[in-house]
Amino acid sequence: MRKKDSKNILRISNFVLVIFLIGIAITVAILVMVFVRIPPSYYEYTGFTLGTYCRIVVSSKKGSKNLSEIIFNELDRVYKKFDPNNPDSTISKINSSKDWVDLDEESFVLIDAALKFSQITEGAFDPALGNLIKLWGFDRIAERVPTKIPSQSEIDEILRHCGVEKVELDGRTRRVRLNDGVKLDLGGIAKGYALDRAYQIAKEIDAKCTGFVEAGGDIRILGPKFGSRPWVIGVRDPRKSESAIDYIYLTDGAVATSGDYERYFIVDGVRYHHIFDPKTGYPAHGAQSVTVIAKDATTADVLSTSGFVMAQEWEYVVLEYPRFGGSVLLIGEDGAIHKSPSFSVYERAK
């Protein structure tokens, strides 16, 4: 009888031990779920629009793949609407008219913003250089690389048909009229605006989504990496495409870079790029690239362009542009680096 009782006691002890171990395992699993957050996974979507390759990296509990496709479609919608080479675009309709043209609310707001930025930057940003861009051949450079530069007389003549002062915008009737044959080209603001629209669309669908949208080097942050960490962004070395000259850390906002290396051609050993000085009609001098960090992509896009045009006055750009909402990193023609004091805030992880 004693032997039989010992076996029963042993079975009961083993059973209790198994139950105890299972309890421990469940407790550990619960603690892991409570205290260790599993980082969200990111879906990456790439496609060609806005005249460049776009990259969308997003994480959303409402469907990352579906959200990335919606974002890309919005980028493409904005591009087609404001592309001067698209005969069906709003810009083509305005440019082909000699009279007042009625505008929808979105077009009015964007053109109004372009005119106000032109005023703030004292004309360095000019959305009415369509004729000059076409004269130099940059309107079709993706299809045909220019092989010659225009003559001085051609440039002087075309400048008569350029300039923001020849654009009339009527806020009361929401109309625009172009005078003296001037043509709009919103290439210096539309890409930033498209990125901001991508942000708005994404947040309307999922306010907690994170990631970023990139178009040709311009980036709009959707939210911190894994919900709390900054995205590390390399600022390209203008003369070494595979190297970064600086790194910045962003959890929100936007960054844009204008450089002489994106769209250019070389004649007789001279580089001619696509960012024009409205006063001379020639590609602007003074910088290899200008990078601007701002709260939104529209501001970053415009200020990087105007900062490039004004680069010979680099002290003004790096010191005064923060008043307009942009922190600047300017790389001069000689390779010298100039920064706004506020830019250093983004050069270290918070």
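Which residue of β5 stands opposite V101? V101 stands opposite V176.

The model is predicted: local features need pLDDT of at least 70, side-chain atom pairs count only at pLDDT 80 or more, and totals for chains, interfaces and linings use all residues. Residues are numbered from 1 along each chain as its sequence is written, and side-chain values use heavy atoms, with hydrogens and water left out.

**Figure 1. Overview of the protein.** The protein has 9 helices and 15 strands. Helices (H or I, at least four residues) and strands (E, at least two) are DSSP runs, numbered from the N terminus. Of the 350 residues, 47% are buried; buried means under 20% relative accessible area, exposed over 50%, and partly exposed in between, with a 1.4 Å probe and protein chains only. Among contacts with a separation of 6 or more, 61% join residues 24 or more positions apart, a contact being heavy atoms within 4.5 Å.

**Figure 2. The open sheet of 3 strands.** The strand order is β3-β5-β4, and the pairing is antiparallel; two strands pair if DSSP finds at least two bridges between them. β3 (101-102) and β4 (167-170) are the edge strands, each with a single partner, so one side of each has no neighbour in the sheet. Between β3 and β5 (residues 175-178) there are 2 bridges, in the antiparallel sense.

**Figure 3. Helix α4 and its surroundings.** Helix α4 (residues 105-120) has 16 residues and, at 1.5 Å a residue, should span 22 Å; its end C-alpha atoms are 22 Å apart, which agrees. The expected span is 1.5 Å times one less than the number of residues. At the start of α4, a side-chain oxygen of D104 comes to within 3.0 Å of the backbone nitrogen of E106. Buried positions of the helix include F108, L110, I111, L115 and F117. The buried residues of α4 pack against α2 (64-82), α3 (90-95), β4, α7 (190-205) and α8 (297-309). Just after the helix, E122 has a positive phi of about 55°.

**Figure 4. The nonpolar cores.** A nonpolar core is a set of buried Ala, Val, Leu, Ile, Met, Phe, Trp, Tyr and Cys residues joined through side-chain atoms within 4.5 Å. The largest such core has 43 residues, of which L75, I94 and L186 touch the most other members. Two or more residues come from each of β2 (52-59), α2, α3, α4, β5, α7, β6 (210-215) and α8. A second, separate core of 19 residues includes A284, L303, V309 and V328. Leaving aside neighbours within four places in sequence, I94 is in contact with V101, L103, I111, V176, L178 and L184.

**Figure 5. The open sheet of 8 strands.** The order is β1-β2-β6-β7-β10-β13-β14-β15, with antiparallel pairing. β1 (43-49) and β15 (337-339) are the edge strands, and each pairs on one side only. From one strand to the next, the twist averages 10°. Strands β13 (residues 287-294) and β14 (residues 327-332) run antiparallel and are joined by 6 bridges; T291 stands opposite L329 in β14. Helix α9 (residues 314-324) packs on the sheet and touches β14 and β15, its direction making about 165° with that of β14. Axes are lines fitted to C-alpha atoms, for helices over the stretch in contact, and angles run from 0 to 180 degrees between N-to-C directions.

**Figure 6. Strand β7 and its partners.** In β7 (residues 218-223), 6 of the 6 residues are buried, so the strand is largely enclosed by the rest of the structure. β6 and β7 pair in the antiparallel sense over 5 bridges, with E214 opposite I219 in β7. These two strands form a hairpin with 2 residues between them, and G216 in the turn has a positive phi of about 55°. β7 also pairs with β10 (residues 254-259), again in the antiparallel sense, over 2 bridges. The bridge partner of R220 in β10 is A254.

Figure 7. S289 lies in strand β13 and counts as buried at 1% relative accessibility. Not counting residues up to four places away in sequence, S289 touches P238, T257, S258, G259, Y261, F308, L329, L330 and I331. The C-alpha atoms of S289 and G335 are separated by 9.6 Å, with the two residues 46 apart along the chain. D246 is found in strand β9 (residues 240-250) and is buried, with a relative accessible area of 14%. Beyond neighbours within four places in sequence, D246 is in contact with residues including I233, V235, L329, K339 and F343.

Methods: A polar contact is a pair of N or O atoms within 3.5 Å; within protein, one must be able to donate a hydrogen and the other to accept it, and residues adjacent in sequence count only if both atoms are side-chain atoms.
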